[in-house]
Amino acid sequence: MTPGRLVLAATPLGDVRDASPRLAEALAEADVVAAEDTRRFRSLASALEITPRGRVVSFYEDVETARLPRLLESLQAGETVVLVTDAGMPSVSDPGFRLVAACVSADIPVTCLPGPSAVTTALALSGLPCDRFCFEGFAPRKPGERTKWLTSLVSEPRTVVFFESPHRLASLLADAAAVLGADRRAAVCRELTKTYEEVKRGTLASLAAWAADGVRGEITVVLSGAEPRAVSVADLVGEVADRVAAGERLKSAAAEVAEATGVSKKELYDAVLTARKAT
């Protein structure tokens, strides 16, 4: 039997008018709609003036693994399953990755209806460089883990995009200013595409002061990349040695430090070996 296909369908972030005609058609015609929140999906269907002809099942984080076998059975039986989350693209910090991976393993076709994404929308609005960026998902909740994560971004040259809870935003920005520098630039994007959309741009220190009074809504933060450091190979030998002493392999430590600072990987590796022989 020819298998069906899984359709990853991006849904509006806030304004239902961002929904494409293809999305409306797919939701109406699907054999199964797997929705992160079935109530929100019903509201979306009503706003799009469609009546889904297929089954609607819940597919949120806590039931994702349990739902996989039944959805795979439907797909293997030739049905079309459309996966939607509350907003944006499924599997991007939302349910979906496990189902996609299972379909790939079972050789079941997977396709995508592209559409709204908080990541690229915030990046475009931030006023920060967009040519190279990385997405970090949600910022760590625990203070110790968050500090460790921020430390890993000290030398990150790419623009960084991540999500944060409005209740933790002020403390996150204060910690970021302390670890990354008060003058590092960022943008906080709030309620994208919705009635009260707001984009605050500035230094981490100024944004932390702004957020201290409280912020509401869905939050996406865009952080500027680190400025290249003017360092020599000799200056970095000790940094590589410290990383090796902490358990990293010499080659990987030298490669990561070289990439972060723009020096030659071979020159740095050779310099570390020379320093070892001299001791």
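Because F135 sits in strand β6 (residues 133-138) and F163 in strand β7 (residues 159-164), the pair ties together parts that are 28 residues apart in sequence. Strands (E, at least two residues) and helices (H or I, at least four) are DSSP runs, numbered from the N terminus.

The model is predicted, so to speak of local features requires pLDDT of at least 70, and side-chain atom pairs count only at pLDDT 80 or more, while totals for chains, interfaces and linings use all residues. Residues are numbered from 1 along each chain as its sequence is written, and side-chain values use heavy atoms, with hydrogens and water left out.

A pocket is an open set of points on a 1 Å grid over the protein atoms alone, with protein on both sides within 12 Å along at least five of seven lines; a cavity is a set where a 1.4 Å probe fits but cannot get out, and lining residues have an atom within 4 Å of a point. Grid points are joined across faces, edges and corners, and a volume is the space filled by probe spheres set on the points.

The largest pocket holds about 1000 Å³ of space. It is lined by 38 residues, of which S93, D94, F138, F163 and E218 are the closest to its centre. At least two lining residues come from each of α4 (97-105), α5 (118-126), β7 and β10. By class, this lining comprises 16 nonpolar, 8 polar and 14 charged residues (Ala, Val, Leu, Ile, Met, Phe, Trp, Tyr, Cys and Pro count as nonpolar, Asp, Glu, Lys and Arg as charged, and the others, Gly among them, as polar).

In the second largest pocket there is about 570 Å³ of space. Its lining has 17 residues, and T151, S152, S155, R243 and A260 lie nearest its centre. Two or more of the lining residues are given by each of α6 (143-152), α9 and α10 (250-261), with α10 giving the most, 4 residues. The classes here are 4 nonpolar, 3 polar and 10 charged.

The structure also holds 1 cavity of 30 Å³ or more. The largest cavity has a volume of about 40 Å³ and is lined by L150, F162, L172, L173, A176, L204, V221 and L223. Helix α7 (169-180) supplies the largest share of that lining, 3 residues, and the lining has 8 nonpolar, no polar and no charged residues.

The axes of α9 (residues 233-245) and α11 (residues 265-278) come within 9 Å and cross at roughly 75°, where axes are lines fitted to C-alpha atoms, for helices over the stretch in contact, and angles run from 0 to 180 degrees between N-to-C directions. The two helices are therefore roughly perpendicular (65 to 115 degrees; under 35 is roughly parallel, over 145 roughly antiparallel and the rest oblique). Contact (heavy atoms within 4.5 Å) involves V233, L236, V237, V240 and V244 of α9 and E267, L268, A271, V272, A275 and R276 of α11.
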